[in-house]
Amino acid sequence: MKVIIVENYDEASVEASKIMLAAIKANPSIHLGLATGTTPVGLYKEMVKDFKENGTSYKDVKSFNLDEYSGLPKTHDQSYYYFMIENLFKHLDINLDNVHIQESQGNIEENCKKYNELLETEGVDLQLLGIGSNGHIGFNEPGTSFDAVTREIALHDSTVADNARLFFDGDLDAVPKKALTQGIKNIMNAKEIVLLASGTNKAKAVKGMIEGEITTDLPASVLQNHPNVTVILDKEAASLLK
Ligand code: F6R
């Protein structure tokens, strides 16, 4: 695991964008695994800025998101599909036919099966991750088997509270309590992984991920087993490291 510690969130976003953009330039038909949440917003801004200034093209890029709330239509302004369109895709020349996010309406089991098959067939070259304050990656909450693949899960109360704070106008009742998420196994299949974390509320999970034992109690600790992971932290997220 390579660990890069920078001063603040903005620097972490720039650092992540350097890796992302170099990978896209080296392989214009790259398969990107993408994340939502507050953490990648700065990185996505950097990618949009680069597109405007340097024209790095995404026309042959394919993307595969980590997760989506159950039951929210793509048009819902809190769905992760909507998030990705607003924060990234609508600003780039990416072909929306190449954008993949779990379909969270209709036959969920069938949709998850199809998503797993898609990931198997296509494969992810570079996976971007955030980390939950409880150590989750994707929405693989503590206790998840490392063999898990894409499926519907129940979000932990702490995740629902975290998400309500940031989205849904703080309304706990409005936050979906279930989501479709790539499993740990899907995530570990990516050739390369970049994990971004910022803020003191991530420090404990970050410490466990890097210095702790590998345990399903802290799902992100499984990344110690991956051969090509870069963790980018701001000072606050790194504050508990030895
Ligand atoms: C998002 C995802 C989650 C988030 C994590 C951190 O697609 O899979 O694991 O990365 O919950 O969220 P933020 O960035 O909002 O702190």
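Reader: Which residues does Leu196 touch, not counting residues up to four places away in sequence?
Author: This is a predicted model. Leu196 has its place in strand 9, residues 192-197. Residues up to four places away in sequence are not counted. On that basis Leu196 touches Ala12, Ala16, Thr39, Leu43, Leu128, Leu129, Gly130, Ile131 and Ile232.

Reader: Is Leu196 buried or exposed?
Author: A residue is called buried under 20% relative accessible area and exposed over 50%. Leu196 has a relative accessible area of 3%, so Leu196 is buried.

Reader: How many Å apart in space are Leu196 and Leu128, C-alpha to C-alpha?
Author: Leu128 is among the residues that Leu196 touches. In sequence, Leu196 and Leu128 are 68 residues apart. In space, from C-alpha to C-alpha, the separation of Leu196 and Leu128 is 7.7 Å.

Reader: Which residues does Met20 touch, not counting residues up to four places away in sequence?
Author: Met20 is one of the residues with the most contacts inside the largest nonpolar core. With residues up to four places away in sequence not counted, Met20 touches Leu32, Leu34, Leu43, Met47, Leu126 and Leu128.

Reader: Which residues of helix 5 are buried, and why do they line one face of the helix?
Author: The buried residues in helix 5 (residues 157-166) are Thr159, Val160, Asn163 and Ala164. Seen down the axis of helix 5, the buried residues fall within an arc of 135 degrees, so they line one face. Asp157 and Arg165 are exposed on the other side of helix 5. What covers the buried residues includes strand 4 (67-69) and helix 3 (80-87).

Reader: With which side chain does the side chain of Thr56 make a polar contact?
Author: Thr56 is in the loop between helix 2 (41-54) and strand 3 (62-65). Its relative accessibility is 7%, so Thr56 counts as buried. Leaving aside neighbours within four places in sequence, Thr56 is in contact with Ile24, Lys25, Asp50 and Phe51. The polar contact of the Thr56 side chain, at 2.6 Å, is with the side chain of Asp50.

Reader: With which side chain does the side chain of Asp125 make a polar contact?
Author: Asp125 lies in the loop between helix 4 (108-122) and strand 6 (126-129). The relative accessible area of Asp125 is 17%, so Asp125 is buried. Its contacts, leaving aside neighbours within four places in sequence, are Asn27, Ile30, His31, Lys191 and Glu192. The polar contact of the Asp125 side chain, at 2.9 Å, is with the side chain of Lys191.

Reader: What share of the accessible area that the ligand has on its own does the protein cover?
Author: Of the 14 residues around the ligand, Thr39, Asp67, His136, Gly138 and Lys202 come nearest. A polar side-chain atom of His136 lies 2.6 Å from an oxygen atom of the ligand, and a backbone N or O atom of Gly138 lies 2.7 Å from an oxygen atom of the ligand. On its own the ligand has 410 Å² of accessible area, and the share that the protein covers is 94%.

Key:
Residues are numbered from 1 along each chain as its sequence is written. This is a predicted model: local features need pLDDT of at least 70, side-chain atom pairs count only at pLDDT 80 or more; totals for chains, interfaces and linings use all residues. Side-chain values use heavy atoms; hydrogens and water are left out. Buried means under 20% relative accessible area, exposed over 50%, partly exposed in between (1.4 Å probe, protein chains only). Helices (H or I, at least four residues) and strands (E, at least two) are DSSP runs, numbered from the N terminus. The arc is that of the directions from the helix axis to the C-beta atoms. Contact means heavy atoms within 4.5 Å. A residue is near a molecule or strand if one of its heavy atoms lies within 4 Å of it. A polar contact is a pair of N or O atoms within 3.5 Å; within protein, one must be able to donate a hydrogen and the other to accept it, and residues adjacent in sequence count only if both atoms are side-chain atoms. Accessible areas come from the Shrake-Rupley method with a 1.4 Å probe; for residues, only the protein chains shown count as cover. A nonpolar core is a set of buried Ala, Val, Leu, Ile, Met, Phe, Trp, Tyr and Cys residues joined through side-chain atoms within 4.5 Å.
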